[in-house]
Amino acid sequence: MEEKEPVSLYFSVIGRILKQKMDERAQQMDLTCVQVRVLSEIHQMEISGMGEIHQRDLEEKEHVTHPTMTGILRRLESKGFVYCEPSALDHRSKKISCTDKAREIYREAAGEEQQILEKMFEGFTPEQIAGYVCMTRQVTENILKADI
């Protein structure tokens with residue numbers, strides 16, 4: 001009788017390997033994979049014309065708690081990648097911005113991520129890649145909504 005491996009195993013393996021590869025590349029820039037992702041979010045929000053970026057915006061995007069994002073931002077600020085200043089809109093919040101150093105790193109990291117993704121999807125057609133992205137997005141949304 002043929003035993004089937006659980007689909008969740010593949011999600012777990014892909015996540016671990018991808019994080020490991022991204023972390024290896026990020027370490028060369030004195031960052032972690034998560035820090036690169038947060039810098040990417042801040043950068044994307046800045047270039048989209050978003051007025052002020054607050055910690056809560058990043059927490060929602062990354063699906064992390066307030067204390068977790070506080071730690072990430074403190075480390076990024078201590079390394080000179082972001083700066084936080086009082087918000088003009090809400091004095092209880094801090095406005096978060098990328099430094100020039102972060103913008104340079106972002107360009108480098110985006111290229112690194114693209115190389116990893118190209119290797120990951122080697123042999124796939126553009127339609128297969130688009131389908132994979134669509135399905136994983138839907139799976140993520142389903143899990144976030146589920147009462148599991």
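These are my notes on a few places I looked up in this structure, which is a predicted model.

**Entry 1: nonpolar patch**

V7, F11, V139 and I143 make a nonpolar surface patch of about 350 Å². I then asked which helices supply the patch. Helix 1, residues 7-27, and helix 6, residues 126-145, each give at least two residues to the patch. V139 sits in helix 6. Its relative accessible area is 30%, so I wrote V139 down as partly exposed.

**Entry 2: helix 2 against helix 5**

For helix 2 (residues 33-47) and helix 5 (residues 100-120), the axes come within 10 Å. They cross at roughly 110°. Angles of 65 to 115 degrees count as roughly perpendicular, and helix 2 and helix 5 are therefore roughly perpendicular to each other. I listed the residues that make the contact. From helix 2 they are V36, L39, S40, H43, Q44 and E46. On the helix 5 side I found A102, R103, Y106 and A109.

I checked backbone angles at two residues. D30 is not a glycine, yet its phi is positive, at about 60°. I located D30 in the loop between helix 1 and helix 2. Is D30 buried or exposed, or does it fall in between? Its relative accessibility is 49%, so D30 counts as partly exposed; the cut-off for exposed is over 50%.

H63 also has a positive phi, about 55°, and is not a glycine. I found H63 in the loop between helix 3 (55-62) and helix 4 (66-78). H63 has a relative accessible area of 55%, and I recorded it as exposed because of that value.

**Entry 3: H66**

I went on to H66, which lies in helix 4. With a relative accessibility of 48%, H66 is partly exposed. Which residues does H66 touch, leaving out those up to four places away in sequence? I noted Q55 and E59. I also looked up the separation between H66 and K119. These two residues are 53 residues apart along the chain, and their C-alpha atoms are separated by 34 Å.

How values were computed. Residues are numbered from 1 along each chain as its sequence is written. This is a predicted model: local features need pLDDT of at least 70, side-chain atom pairs count only at pLDDT 80 or more; totals for chains, interfaces and linings use all residues. Side-chain values use heavy atoms; hydrogens and water are left out. Patches are made of residues with over 30% relative accessible area and no salt bridge: like charges are joined within 9 Å, nonpolar side chains (Val, Leu, Ile, Met, Phe, Trp, Tyr) within 5 Å. Accessible areas come from the Shrake-Rupley method with a 1.4 Å probe; for residues, only the protein chains shown count as cover. A salt bridge is a side-chain nitrogen of Lys or Arg within 4 Å of a carboxyl oxygen of Asp or Glu. Helices (H or I, at least four residues) and strands (E, at least two) are DSSP runs, numbered from the N terminus. Buried means under 20% relative accessible area, exposed over 50%, partly exposed in between (1.4 Å probe, protein chains only). Axes are lines fitted to C-alpha atoms, for helices over the stretch in contact, and angles run from 0 to 180 degrees between N-to-C directions. Angles under 35 degrees count as roughly parallel, over 145 as roughly antiparallel, 65 to 115 as roughly perpendicular and the rest as oblique. Contact means heavy atoms within 4.5 Å.
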